[in-house]
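Here is a quick tour for anyone opening this structure for the first time. Keep the 3D view handy as you read.

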Amino acid sequence: MNVTTDDLLSQDPSWEPVIPLGKTARTRRELWRRKALWIGVWLVFLSSPVHDLLSGRHTTGGTVAGWLGLAVFVAVYLSLLFRDMGAAPYSPRLIGALIGSMAVLAVVLSLTFGSPWLGLFCYVSVACGMVLPLRLAFWAIPGAAATMLLVGIYAGLKEAVGLLVLVLLIGFAMTGVSQLVRTTVELRKARATVAQLAANEERLRLARDLHDLLGHSLSLITLKSELAGRMLPDHPDKAAQQVADIEQVSRQALVDVREAVTGYRRPRLAAELAGTQVALAAAGVTARLPAEPDLTGVSEDSESALAWALREAVTNVVRHSGARRCTVELVRRQTLDGPTLELCVEDDGSGGSGKAPGNGLTGLTERLEKAGGALEAGRTKQGFRLLARVPAPVSADVGSAS
């Protein structure tokens with residue numbers, strides 16, 4: 001019977017895979033754990049050299065030399081891969097020197113101790129596939145396999161032939177993994193760049209709109225102020241008219257600015273749901289979100305209040321909860337106070353006690369009360385739950401979590 005991750009989660013919500021697939025590491029410790037598991041799985045090929053050293057068929061000096069050579073080989077291998085998978089890889093010249101050192105050690109140890117040590121060439125092939133540029137790797141991997149065959153003539157040709165296909169396949173497979181890792185890193189950088197460009201574009205748009213709104217009004221105010229100043233000594237009545245016009249223009253400009261700023265600051269629920277998907281995915285939180293909501297009959301103030309509630313809840317999930325899963329539901333209900341639209345955000349994290357609401361929840365409660373709604377937030381058996389409701393006078397189907 002095939003058991004999937006979703007089946008395990010449904011049977012035991014506390015179960016989590018050691019390495020969550022497709023999720024970004026949220027801490028340095030988790031990142032190093034992933035690296036160690038990914039790199040350490042290949043250490044299985046050390047079983048033959050270790051067994052050979054423990055067999056007792058070598059002299060004491062030979063055994064000590066074998067352990068020392070194996071330790072140096074493994075240290076160079078781990079250093080190459082750990083550094084290459086980090087933010088500051090080695091220089092090309094140093095990478096070439098380290099791979100050459102691995103190859104020399106593999107040759108010397110195999111010639112000295114025999115065929116059980118030919119498996120070291122698997123690590124040479126893996127290192128070539130992971131850290132070398134693609135063109136060099138396509139030459140270095142067959143070179144490592146050919147070197148193993150030549151060494152096998154002396155150390156054990158049968159074992160060398162048996163490892164030949166494995167050395168070639170594992171090396172070329174690592175080139176694909178290496179390209180995938182590099183592509184993923186570039187995509188993350190590109191996504192961050194796109195987000196920054198979008199923010200810059202929004203700032204420019206706001207600047208353009210404010211300029212269009214205020215440019216004409218401020219120019220008119222300046223002109224009428226100069227006219228009022230010139231008219232004041234001889235024609236005070238006309239100067240008073242200019243001052244009245246200035247007051248009217250400035251009031252209208254203030255109204256225009258408030259409307260523009262309100263439009264920018266008022267979040268939309270659909271946009272917040274899209275942002276929630278991105279934020280939770282970036283934080284490594286499994287999300288269940290509603291479909292496109294039907295907000296028929298819901299006022300702009302009520303929609304804005306729900307959008308603020310969603311933003312605050314998701315911010316708490318990402319920053320404070322340490323949650324792995326988060327469910328967002330948006331449903332209509334018929335209550336004693338009339339039809340309402342409810343937004344429920346529930347996570348399995350440990351953050352947020354619910355005993356002393358912070359400034360965010362306090363401000364959110366005030367927003368919802370102004371819109372005729374209410375807020376409930378607190379701990380549950382599974383984690384933390386935030387429930388925001390606003391009046392919804394028109395009944396309609398609203399998407400729920402899928």
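Is Arg333 buried, partly exposed or exposed? Arg333 counts as partly exposed, because its relative accessibility is 44%. Here buried means under 20% relative accessible area, exposed means over 50%, and partly exposed is anything in between, using a 1.4 Å probe and protein chains only.

Before going further, some ground rules: this is a predicted model, where local features need pLDDT of at least 70, side-chain atom pairs count only at pLDDT 80 or more, and totals for chains, interfaces and linings use all residues. Residues are numbered from 1 along each chain as its sequence is written, and side-chain values use heavy atoms, with hydrogens and water left out.

## The salt-bridge network

Searching the whole structure turns up seven salt bridges, each being a side-chain nitrogen of Lys or Arg within 4 Å of a carboxyl oxygen of Asp or Glu. One of them pairs Arg333 with Glu342, with the closest N and O atoms 2.7 Å apart. Glu342 counts as buried, since its relative accessibility is 7%.

Glu342 also meets Arg389 in a salt bridge, at 3.2 Å from N to O. That pair links distant parts of the chain, with Glu342 in strand E3 (residues 338-347) and Arg389 in strand E5, 47 residues apart. Strands and helices here are DSSP runs numbered from the N terminus (strands E, at least two residues; helices H or I, at least four). Arg389 is partly exposed, with a relative accessible area of 21%.

Arg389 has another salt bridge, to Glu376, at 3.3 Å from N to O. This one connects strand E5 to strand E4, across 13 residues of sequence. Glu376 is partly exposed at 39% relative accessible area. Through shared partners, Arg333, Glu342, Glu376 and Arg389 end up in one network.

## The hairpin

What do E4 and E5 form together? They make a hairpin, with four residues between them. Strand E4 (residues 374-379) and strand E5 (residues 384-391) run antiparallel and are joined by six bridges; strands count as paired if DSSP finds at least two bridges between them. Within this pairing, Ala377 sits opposite Leu386 in E5.

## Rings and charges

Four aromatic pairs show up in a search of the whole structure. Rings of Phe, Tyr and Trp (its six-membered ring) pair if their centres lie within 6.5 Å; planes under 30 degrees apart are stacked, over 60 edge-to-face, and the rest tilted. Tyr77 and Tyr123 have ring centres 5.0 Å apart and planes at 75°, so they are edge-to-face. Tyr77 is in helix H4 (residues 60-84) and Tyr123 in helix H6 (residues 120-131), so the pair ties together parts 46 residues apart in sequence.
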